Amino acid sequence: PSSNMTDTTTLPPIQMNRSKGLEKLGVSEDDVKLAESILQHIPNSSDDPEKAERVLGYASSRLRRAKALRLLGASEEDLEIETAK
């Protein structure tokens, strides 16, 4: 095991399961704390963000727009050029 993994011999059962799961993923508690601190700096666009928004940090409308452009085979630049005409 990695040297930054938590020693599971002194943890309560639920915490031990978490530590084992994190170890299987190759993630340490420090990595989790770092991710939580980074996620705190991502602004939410609503009071109850959807899962995709929480995970990716983009509003649902932005994700739908990107998907629509991808399906059309266009880019943001193409859209800007057409809009400017």
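Modeller: The structure holds 4 salt bridges, where the term stands for a side-chain nitrogen of Lys or Arg within 4 Å of a carboxyl oxygen of Asp or Glu. This is a predicted model, in which local features need pLDDT of at least 70 and side-chain atom pairs count only at pLDDT 80 or more, while totals for chains, interfaces and linings use all residues. Residues are numbered from 1 along each chain as its sequence is written, and side-chain values use heavy atoms, with hydrogens and water left out.

One of the bridges is formed by the side chains of Arg18 and Glu29, with 3.1 Å from N to O. This pair links distant parts of the chain, 11 residues apart, since Arg18 belongs to helix H1 (residues 13-25) and Glu29 to helix H2 (residues 29-40); helices here are DSSP runs of H or I with at least four residues, strands are runs of E with at least two, and both are numbered from the N terminus. Arg18 is partly exposed at a relative accessible area of 38%, whereas Glu29 counts as buried at 17%, given that buried means under 20% relative accessible area, exposed over 50%, and partly exposed in between (1.4 Å probe, protein chains only).

Glu76 takes part in a second bridge to consider, in which its side chain meets that of Arg62 at 3.3 Å, N to O. Glu76 lies in helix H5 (residues 76-84) and Arg62 in helix H4 (residues 60-72), so this pair ties together parts that are 14 residues apart in sequence. The side chain of Glu76 also meets that of Arg65 in a salt bridge, with 3.1 Å from N to O. Because Arg65 lies in helix H4 and Glu76 in helix H5, this pair ties together parts that are 11 residues apart in sequence. Through shared partners, the salt bridges join Arg62, Arg65 and Glu76 into one network. Each of these residues counts as partly exposed: Glu76 has a relative accessible area of 23%, Arg62 has 39% and Arg65 has 40%.

After H4 comes Gly73, whose phi is positive, near 75 degrees.

Buried residues account for 13% of the 85 residues. Among contacts (heavy atoms within 4.5 Å) between residues at least 6 apart in sequence, 3% join residues at least 24 apart. The accessible surface, computed by the Shrake-Rupley method with a 1.4 Å probe and, for residues, with only the protein chains shown as cover, comes to about 7200 Å², of which 56% belongs to carbon and sulfur atoms.
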